[in-house]
Amino acid sequence: MLKSLTDLELSTNILFGSIPASIGNLTKLSTFYLHTNKLSGSIPEEVGMLKSLTDLGLNTNNRSGPIPASNGNLTKLSTLFLHTNQLSKSIPEEVGMLKFLKDLELSTNILSGSIPASIGNLTKLSTLYLHTNKLYGSIPEEVGMVKSLTDLGLNTNNLYGPSPASIGNLTKLSTLFLHTNQLFGTIPEEVGMLKSLTDLELSTNILSGSIPASIGNLTKLSALHLHTNKLSRSIPEEVGMLISLTDLEMNTNTLSGSIPASIGNLTKLSTIYLHTNQLSESITEEVGMLKSLTDLGLNTNNLSGSIPASIGNLTSLIWFYGELSPKRGQCRNLTSFQISNNNISGEIPPELEHATQLQQLDLSSNHLSGEIPKELGALRLFYLLLDGNQLSGKIPPEVGFLSNLEHLNLASNNLSGPIPDQIGECINLTVVNISYNYLEGPIPNMKAFLEAPFDALRNNKGLCGNATGLKPCGLAASKRANQRKNLKLIILIVVPIMGTLLLLFVLAACFFTLRQKNRRRNKIPSATGSLEIITLWGYNGRALYENIVEATENFDSNYCIGSGGYGNVYKVVLPVGQIVAVKKLRQTEDSVLVHNLKAFESEIQALTEIRHRNIVKLHGFCWHLEHSFLVYEFVERGSLRLILSNDGEARELDWKKRLNVVKRSGQRFVLHASYFGTARLLKPDSSNWTSFAGTFGYIAPELAYTMKVDEKCDVYSFGVLTLEVLMGRHPGDLLSCLSSTSTHKEQKIFFKDVIDQRLSPSINQVTEDVVSTTKLAFACLNGNPQQCPAMQEVAHALTRQSLALPKAFSMVILGELYN
């Protein structure tokens, strides 16, 4: 009824429901604002009848459905705000008819399809925001025709392809946001023509090649984000011309060479992130000229040499990821110090105690040596991560003064002695890892230690306590007390009768030697005789044999925790409290070692001396015609298959962790720690067997007709295991389907539909790694064993940088990987 109404503004209320179709009667309306309400439903087609409209704001509601094509009739429109709704489907071509439009904001919806080429007709447009949608396809060249643009935001979509060179025509641009897409190719040289730019963000794409030197022309730039791409080669010296820059982020690429000295010209910089690249040589002295710097990230590179003293001038520094130096103590405002995954050597400087605001200290995965300085106890640390170094000596008691400490990781060092009681005073400690050291004695009586997984305490010299995998301290203490009492008694008896005892010892030794010679003569091994060989290094073998038989009640099935081709596996708790896994071998003619016993024992001796995190430790073996078995270290968490079959645990095993499992598995196979290791020891002089034991579903098909076990069997097993890790289930059905499906049908299977659906489909940076690892797995499963790669080649391939995808991940077809 209000046909003369020109201005209708009902914004910023809590209106709900739909927009009535009768709104189309307000033909004189020039301003229509309903933004920031709770309106739902679709935008009525009748809005297209409001031909006098200059400003339309329906943003920040719960609108759904498509953008009506009738909006193309609003030829006088200057601003169109539809952002922050739930609008779907494609952007209509008719939007190109709005030739007076200056501000078009369709961001934060669920729009799909490609950006229409007709957008190039909007020659008066100054702001174009299409970010945070599901748009795909390439950026149209026609965008370069909108020369009046000052702000362009196409970020956070699924756009792919190269950045168009025509973007260099947009010389009035002040902000260019293309980040978080799947753009590939190089950064166009034409970017250097955008001299009005203040903010350039191309991060989180698949861009490759070098950073163009023309970027030095952007002297008004305050933020440059190129991180999380595949950029390579050196950082151009011309970066030093960006004198207005406050935020520089080039981390997570493959940049190499040295840090350019010209970076010292950027005196307004507050943040530099260059970490996770392949930068080398020493840190340039000129970094010390950046006195406004608060965040400096240089970790995970190949930097070497000494730290420049000039970095002590950075008194405003709050976060530092880089090299180690006593000068760090001069950075009084430093709250986080991370230099992990570099090649840093030397000792931890005690001067760090002067960095009194420090809360996080991460020096992990370097080559640091010496002792842990006691001065660290004066800090307010929440995280202390020193794992993966060569630190030695004892854990200083002063660590117990870190009352705020939540995470302590000292794993994989050479630390020795007892754990100081003072650590029990770290009441906030929740995560601890002290594995792979030489620590001994009781663990602190606190939750972090008592509930720690076995992997966090394993492989030490003699830890005890009430935790998984450790023997109780009471037994050890009682044993030591008895030993002291016995020692006193022996001294009282031995001293007065030393001569007599020595004579008896000599006589006993002679008697024992003669008796042993007689035993060896009478005990010649035979297939039907009474063969009894017990070798358990570090233990009384015969006593332990009886303990194992008794603990399992003569290998009762109630103690069985698994079964394999050569026998069953039992969980055994020894009298001293230690838990071991015992693999009882089935008695067959093939497993008789009468003539190969010496060689077999030599192989077992070698295996017991292996110390590697990817191999379960073998303690020794027992050989007897009644019970023959191998004794292994007991691993608490169970098998990978059990983890994948549990939805909760499988979700915790994210894509990065799964890829890490595959890499470590590859190392393990190269170390010949595959399933078939025991089989080779049981019959070392044979390559063609009349019987074969293995885990079905992982055995190479050629074994069915050749019965020959060689390295290619390991390669096939690794391929099956890799697919199982990525799919979350055994790939048997998939392999059967692929082997019997024609190429035409095969191409209809999308890779994204095959991998584990329990994980988020958006796998971002690891997309290329997942695809290349799958291709490698299929190569291992080649029907012709001679065309399969060697295991050494597989392990090397897993360490290489993955190639960029030629298309969007969602469009990758399984057949392209399988073929």
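Is arginine 758 buried, partly exposed or exposed, and at what relative accessibility? In this predicted model, arginine 758 has 22% relative accessibility, so the residue counts as partly exposed. The cut-off explains the class: buried means under 20% relative accessible area, and exposed means over 50%.

**Salt bridges**

The structure contains 5 salt bridges. One of them pairs arginine 758 with aspartate 647, with 3.0 Å between the closest N and O atoms. This pair links distant parts of the chain, 111 residues apart: arginine 758 sits in the loop between α13 (743-746) and α14, while aspartate 647 belongs to helix α7 (residues 647-652). Aspartate 647 has 39% relative accessibility and therefore also counts as partly exposed.

Arginine 758 has another partner in aspartate 756, and their side chains meet in a salt bridge with an N to O distance of 2.9 Å. Aspartate 756, at 5% relative accessibility, counts as buried.

Aspartate 756 in turn forms a salt bridge with arginine 658, where the closest N and O atoms are 2.9 Å apart. Because arginine 658 lies in helix α8 (residues 655-670) and aspartate 756 in the loop between α13 and α14, the pair ties together parts that are 98 residues apart in sequence. Arginine 658 and aspartate 756 are both buried. Through shared partners, the salt bridges join Asp647, Arg658, Asp756 and Arg758 into one network.

| Arginine | Aspartate | Closest N to O distance |
|---|---|---|
| Arginine 758 | Aspartate 647 | 3.0 Å |
| Arginine 658 | Aspartate 756 | 2.9 Å |

**Cavities**

The count of cavities of 30 Å³ or more is 6. The largest cavity holds about 60 Å³ of space. Its lining is made up of 13 residues, and those nearest the centre are Ile67, Asn71, Leu80, Pro92 and Val95. By class, 10 residues of the lining of the largest cavity are nonpolar, 2 are polar and 1 is charged.

The second largest cavity holds about 40 Å³. Which helices each supply at least two residues of its lining? They are α11 (711-727) and α14 (767-780). Helix α11 gives the most, with 3 residues. The residues lining the second largest cavity are Leu723, Leu726, Met727, Leu734, Phe751, Val754, Ile755, Thr774, Phe778 and Leu814. Of these, 9 are nonpolar and 1 is polar, with no charged residues.

**Strands and sheet**

An open sheet is built from 8 strands in the order β12-β14-β16-β18-β20-β22-β24-β26, and the pairing is parallel. Its edge strands, each pairing on one side only, are β12 (136-137) and β26 (302-303). Within the sheet, strand β14 (residues 158-161) pairs in the parallel sense with strand β16 (residues 182-185) over 2 bridges. Glycine 161 has leucine 183 in β16 as its bridge partner.

**Annotated position**

An unreviewed UniProt entry lists Lys584 under "binding site". In the model, lysine 584 is found in strand β42 (residues 579-585).

Key: Residues numbered from 1 in each chain as written. Predicted model: local features only at pLDDT ≥ 70, side-chain atom pairs only at ≥ 80, totals over all residues. Heavy atoms only, no water. UniProt positions renumbered as here; feature names shortened; annotations may be inferred. Helix = DSSP H or I, 4+ residues; strand = E, 2+ residues; numbered from the N terminus. Pairing = 2+ DSSP bridges. 1 Å grid on protein atoms, 1.4 Å probe; cavity = no way out; pocket = protein on both sides within 12 Å on 5 of 7 lines; lining within 4 Å. Points joined across faces, edges and corners; volume = space filled by probe spheres on them. Nonpolar A, V, L, I, M, F, W, Y, C, P; charged D, E, K, R; others polar. Salt bridge = Lys/Arg side-chain N within 4 Å of Asp/Glu carboxyl O. Buried < 20%, exposed > 50% of the residue type's maximum accessible area, 1.4 Å probe, protein only.
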